[in-house]
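Q: I have just opened this one and need a walk through it. Can we start with how the helices pack?

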Amino acid sequence: MGDDQPNGSLSGELPPEIVVVTGMSGAGRSTAARALEDLDWFVVDNLPPGLLPTMIDLAGRTQGAVPRVAAVVDVRSMAFTEDLLSTVEELRLRGITVRVVFLEAGDDTLVRRFESVRRPHPLQGDGRLTDGIARERETLRAIRGAADLVIDTSQLNVHQLKAKVIGFFGEAEEARPRANVVSFGYKHGLPVDADLVLDCRFLPNPHWIPELRAMNGRDAPVREYVLAQTGAKEMVDSYAEVLRLVIDGYQREGKHYMTLAVGCTGGKHRSVAMAERFGERLREQGLEVHVVHRDLGQE
């Protein structure tokens with residue numbers, strides 16, 4: 001009783017790696033949890049936030065048998081936002097690395113998903129399904145803002161979401177930062193999970209070049225045309241330096257993931273070509289990069 005134990009664990013063992021999976025009901029928390037289980041994470045579902053420190057201490061006593069813990073926390077926990085944020089801060093003050101993953105989707109997508117399984121929303125009460133979604137979104141606003149990783153699942157099926165989670169957490173090498181580069185069209189809306197947004201609409205649009213119109217930004221003629229325009233190279237060079245500074249800062253703060261959204265009008269030509277180029281530059285900086293063209297084919 002006289003010896004104080006280290007802050008990270010009551011037993012003196014190194015604390016486990018901890019990820020909190022939370023977000024909107026219907027956005028895919030269960031799928032994300034199953035993906036982490038497939039990667040041999042110890043997953044605890046529907047854990048009240050106040051029990052997170054106890055879970056960490058218990059895992060720390062296993063002498064390395066439970067090195068990675070994922071806790072799925074949903075909105076039904078009492079005083080959800082305040083309790084979860086304060087608990088995460090408490091663990092970080094103890095020197096424990098905690099990452100918060102927030103899953104979300106657009107209202108239309110969530111409505112379709114709930115209707116397909118014929119289930120009410122947990123916060124719906126006597127109101128409409130959309131009322132429950134609105135209440136939950138407001139309740140989770142603070143924790144979404146504090147999340148280390150936000151994943152928008154609106155355009156993802158179960159298999160794509162699982163692949164995305166495995167892509168983020170599947171490698172043991174934590175030191176190497178990861179980046180998503182997403183091209184998009186402004187007419188289809190901004191990607192809600194973007195950390196940074198880059199607007200390419202100042203570049204001439206290949207849509208107005210007859211021989212380029214049917215192609216997209218992955219085709220060599222379009223890519224060469226876009227990158228040859230005044231300001232294109234300068235934007236890539238200048239913004240690559242900005243990204244280096246941002247990524248270095250993220251790493252100092254313990255954030256290992258970044259999503260860069262690159263937009264043009266329709267998401268077919270300029271944004272695709274520029275996203276591919278930014279992907280190359282970020283790989284040159286030592287990042288693991290995944291390039292996605294969200295709106296390609298929607299024109």
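A: Take helix H9 (residues 232-252) and helix H10 (residues 270-284): their axes come within 10 Å and cross at roughly 50°. Axes are lines fitted to C-alpha atoms, for helices over the stretch in contact, and angles run from 0 to 180 degrees between N-to-C directions. Helices (H or I, at least four residues) and strands (E, at least two) are DSSP runs, numbered from the N terminus.

Q: What does that angle make H9 relative to H10?
A: The angle makes H9 oblique to H10. Angles under 35 degrees count as roughly parallel, over 145 as roughly antiparallel, 65 to 115 as roughly perpendicular and the rest as oblique.

Q: Which residues make the contact?
A: On H9 they are Ala 232, Met 235, Val 236, Asp 237, Tyr 239, Ala 240, Leu 243 and Ile 247; on H10 they are Met 274, Arg 277, Phe 278, Arg 281 and Leu 282. Contact means heavy atoms within 4.5 Å. By class, this contact of H9 with H10 has ten nonpolar, no polar and three charged residues. Ala, Val, Leu, Ile, Met, Phe, Trp, Tyr, Cys and Pro count as nonpolar, Asp, Glu, Lys and Arg as charged, and the others, Gly among them, as polar.

Q: Before going on, where do these values come from?
A: This is a predicted model, where local features need pLDDT of at least 70, side-chain atom pairs count only at pLDDT 80 or more, and totals for chains, interfaces and linings use all residues. Residues are numbered from 1 along each chain as its sequence is written, and side-chain values use heavy atoms, with hydrogens and water left out.

Q: What is the mean pLDDT of the chain?
A: The mean is 85, and 90% of the residues reach 70 or more. pLDDT is the predictor's confidence in each residue, from 0 to 100. Over residues 1-12 the pLDDT stays under 50.

Q: Now the sheets. What is the strand order in the one with E7?
A: That open sheet of four strands runs E7-E8-E6-E9, with parallel pairing. Two strands pair if DSSP finds at least two bridges between them. Strand E7 (196-199) and strand E9 (288-293) each have a single partner strand, so one side of each has no neighbour in the sheet.

Q: How many bridges join E7 and E8?
A: Four bridges, in the parallel sense, link E7 to strand E8 (residues 257-264). Asp 199 has Gly 263 in E8 as its bridge partner.

Q: Where does H9 lie?
A: H9 lies across E7 and E8, at about 175° to E7. H10 also packs on the sheet, touching strand E6 (178-185), E7, E8 and E9.

Q: What about the sheet with E1: which order does it have?
A: The order is E2-E3-E1-E4-E5 in an open sheet of five strands, with parallel pairing. Strand E1 (residues 17-23) and strand E3 (residues 68-72) pair over five bridges, and in E3 the bridge partner of Glu 17 is Arg 68.

Q: Which strands does H7 lie across?
A: Helix H7 (residues 158-169) lies across E1, E3, strand E4 (98-104) and E5, at about 160° to E5.

Q: Last one: at what angle do H4 and H5 cross?
A: Helix H4 (residues 107-117) and helix H5 (residues 129-139) cross at roughly 125°. H4 and H5 are therefore oblique to each other.
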